[in-house]
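This briefing concerns the interface between two protein chains. Please examine the sequence and structure shown below before reading on.

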Number of protein chains: 2
Amino acid sequence: MMEHTRIKDLLKSEEFGKEIIVKGWVRTFRNNQFIAINDGSSINNIQAVVDFENTNDEVLKRITTGAAVRVKGNLVESLGKGQRVEVKATEVSIIGDSDPEKYPLQPKKHSLEFLREIAHLRFRTGTFNAIFKVRNALAFAVHKFFNERDFVYMHTPIITGSDAEGAGEMFQVTTLDLNNPPRTEEGKIDFKEDFFGKATNLTVSGQLEGELAAMAFGNIYTFGPTFRAENSNTTRHLAEFWMIEPEMAFYELDDNMDLAEDLLKYVIRYALDTCPDEIEFLKNRLLEEEKSKPQNERSELNLVDKLNFVLENNFERITYTEAIDILQKSKPNQKKQFKYVIDGWGADLQSEHERYLVEKHFKKPVILTDYPRAIKSFYMKQNPVDAQGHETVRAMDILFPGIGEMVGGSQREENLDKLLARMEEVGIPAEEMEWFLDTRRFGSVPHSGFGVGFERLVLFTTGMTNIRDVIPFPRTPNNAEF
Amino acid sequence: MMEHTRIKDLLKSEEFGKEIIVKGWVRTFRNNQFIAINDGSSINNIQAVVDFENTNDEVLKRITTGAAVRVKGNLVESLGKGQRVEVKATEVSIIGDSDPEKYPLQPKKHSLEFLREIAHLRFRTGTFNAIFKVRNALAFAVHKFFNERDFVYMHTPIITGSDAEGAGEMFQVTTLDLNNPPRTEEGKIDFKEDFFGKATNLTVSGQLEGELAAMAFGNIYTFGPTFRAENSNTTRHLAEFWMIEPEMAFYELDDNMDLAEDLLKYVIRYALDTCPDEIEFLKNRLLEEEKSKPQNERSELNLVDKLNFVLENNFERITYTEAIDILQKSKPNQKKQFKYVIDGWGADLQSEHERYLVEKHFKKPVILTDYPRAIKSFYMKQNPVDAQGHETVRAMDILFPGIGEMVGGSQREENLDKLLARMEEVGIPAEEMEWFLDTRRFGSVPHSGFGVGFERLVLFTTGMTNIRDVIPFPRTPNNAEF
């Protein structure tokens, strides 16, 4: 049995006068009297009031920011502002010291850039406590959502011998001696000698394996790490990130969009319901941050209002063709303010176009469907050629304000011949994909799925602006610290 | 809106006479009349009775094992044995064919070895439906357990620049051109040119990063993939497996053991409560499988009884020193039947010894504590040297019948000087671990944690005997298929 009570529980307690023990870390110590203690259970600290006249000087000196303390005392109503309860300390002891000359976190505002350098300590700040509590709530809500709907959670493989999906550059995984690898007679690396007897990579997506499972369980989802070895140093890209990928038999594109919209709303609502203090803190953080920006760059809605706005409105659903029409007629296109001017059907949409649609035109999340076949993946279901001769696929991307692509998905091509023809067109050898093709050979059915970039979801829900701040230890080009 | 109803819901329905639509895959088709259809939502099939005299011959011919069908009809009470309801079909159509000459799954018993070769199709069998439903239930229960206790789910990194933990051989991760890697002036591989600017590996454990988070949030857990590049081709090892690793500030060893025992019991109970049909199926599968074994090799308890036995009994908690005493006095040791005869304190326990303790001596899960310092990891808390001069650490391993080590954990060494001394002793350079050591420099507190091998948990709960059968696509030496 633990002898101490969590601060989260103390802050809710009504048992005034009760003797309790608190253990936690010192956030601040004021006037040799007021210790703000945090144990991580709540974003809020509890204040312990020390009777400094009857406390050993040696102990008082060691109550420094970052030190771990044990405080015994009585829970009392607080006279101070902003807190309901506090602890009248009768006994204070130091569990672990923190040398104030060396401890990098001081009771002042640190920049996010500085905190990224000390990612192993940044969890100890209010901002990162709030971010990772929200992240935790979102992750649990994902599992809860799918569990309530009887989806089966599948752990698709991380190490893969297949590199066919082509979703991005891959990391190689090997146990060969890189200094002196075994070579074939032709002088090439002999991957037969490698751990798996062939060349392997880190997965870019669990979708293809997910499809195999959906053809047996009906509805499945994955939630695991995925990887891109792309040299993009942006605020929205990571080399290692977590993705949620549901895959559903008998779902067509509309069902797919409904599920994706339901999922996003469900998990954001869950975060709002279960992390009100954390989101309030993050809302204020963002308001504070934006004070230094010119008026026209500030958010129109605060974080809480923005999240509620998403919950209360239907996502706009338009086809790529409609989007092109809107973009062509738009002011920034006509005035050539876009870096890539849209001059007709077929163009791949750039971030600037997506932002225009979402942030300026519709001012809410937008689901874009039926993209040109040529710019989308081989496994997407091909639409009949339309009256204008356009070849499209049943893709759907969900675009979010400030984030861009939150979800990418599609109905899948279930027709074996069409799939084979498309694979040949884009140069994917069928013989490497027999296992995938078997889903279309034996009891093929219409099916759909999508992928949610989990960190982008956390980014949106926390109002943070750099994806490195919403994953514990970000992996980016030239950075794999901790 | 879906036009069809899931079989899981139909099997529970009381709405006799109602017109419904079923979509799913044919498991069997008997007498040109009875289709057993499964859509993955339940381990049980629904039977559709076809009016074959009024059904097109071409359609009847295409109702083959593995084909996807759509059946419209009325829900009626079943006259057949073993089912409450069935569908009186008024309309049958084929969604996707399955050529019976080519479809590898036939309505007969296939060996687990054969099914492993076609892991992309094995989900379509009753056995693997049951296994992965139980796996799903266990995974959800893990999150539910920690969520109810306010633990924060942390995604610790998969790619790591640190190889200090030494829990096992690691896979290298690189984007270098292996055929012609950049080299330094001394002729060594120049990892500065690699994606992360240094050599990186796949993680063997999230523990060290978990400790960083526990020092801020109090209680955290990870649940993610971990890797071992070890050439062990056994029924209990995988190169890629999922691990659950909680880490708790202010927990001492007893608290750690209590939490681990609570967790294991909670998730097994959850599986029993939510997957009764699946576990009943797996129980019968195991009884069937064991029929071919000699009496003395069969399980004493059936699967359900075995799981209930674990729930109803306290795990035996003994020290390593006590275990050595039991083993030394044991018959197989005295008769030299052990391959490794125990001749005194200090020996590392082998699988045969663990099995003796768990399966013969105590006949229930055993928690072994306080192992010799020399055979355990550097980060474990050092006990005071005892009267016999034994140096031990506050480790705890939980051993399960038929499985061996299910959990490995310890209280952590929170004293900086002791930790540094131990690191020097085992040759871990402190300068590579500054971030880890900071937890002991700034507000160090007693803390503990453990790791649960998730596949071993699934193995135990499903009564399966080969770990390759409880993960969707196993990765083992020379095998990274699908």
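**Interface of chain A and chain B**

In this predicted model, chain A and chain B together bury about 9,000 Å², of which 63% lies on carbon and sulfur atoms; buried area is the accessible area (1.4 Å probe) lost by two parts on being put together, summed over both. On the chain A side, His155(A), Phe250(A) and Phe442(A) lose the most area to chain B, together 9% of what that side buries.

**Contacts and polar interactions**

- Contact (heavy atoms within 4.5 Å) links 118 residues of chain A with 118 residues of chain B.
- Six salt bridges cross the interface, each defined as a side-chain nitrogen of Lys or Arg within 4 Å of a carboxyl oxygen of Asp or Glu.
- One of the salt bridges joins Arg6(A) to Asp150(B), with the closest N and O atoms 3.1 Å apart.

**Composition of the chain A side**

- Helix α4 (residues 126-148) of chain A supplies the largest share of the side that touches chain B, namely 11 residues; helices are DSSP runs of H or I with at least four residues, and strands are runs of E with at least two.
- The residues of this side comprise 58 nonpolar, 33 polar and 27 charged, with Gly counted as polar.

**Strand pairing between the chains**

- Strand β8 (residues 172-174) of chain A pairs in the antiparallel sense with strand β8 (residues 172-174) of chain B over three bridges, where pairing requires at least two DSSP bridges.
- Val173(A) has Val173(B) as its bridge partner in β8(B).

**Conventions**

- Residues are numbered from 1 along each chain as its sequence is written, and chains are lettered from A in the order in which they are written.
- Local features need pLDDT of at least 70, side-chain atom pairs count only at pLDDT 80 or more, and totals for chains, interfaces and linings use all residues, while side-chain values use heavy atoms, with hydrogens and water left out.
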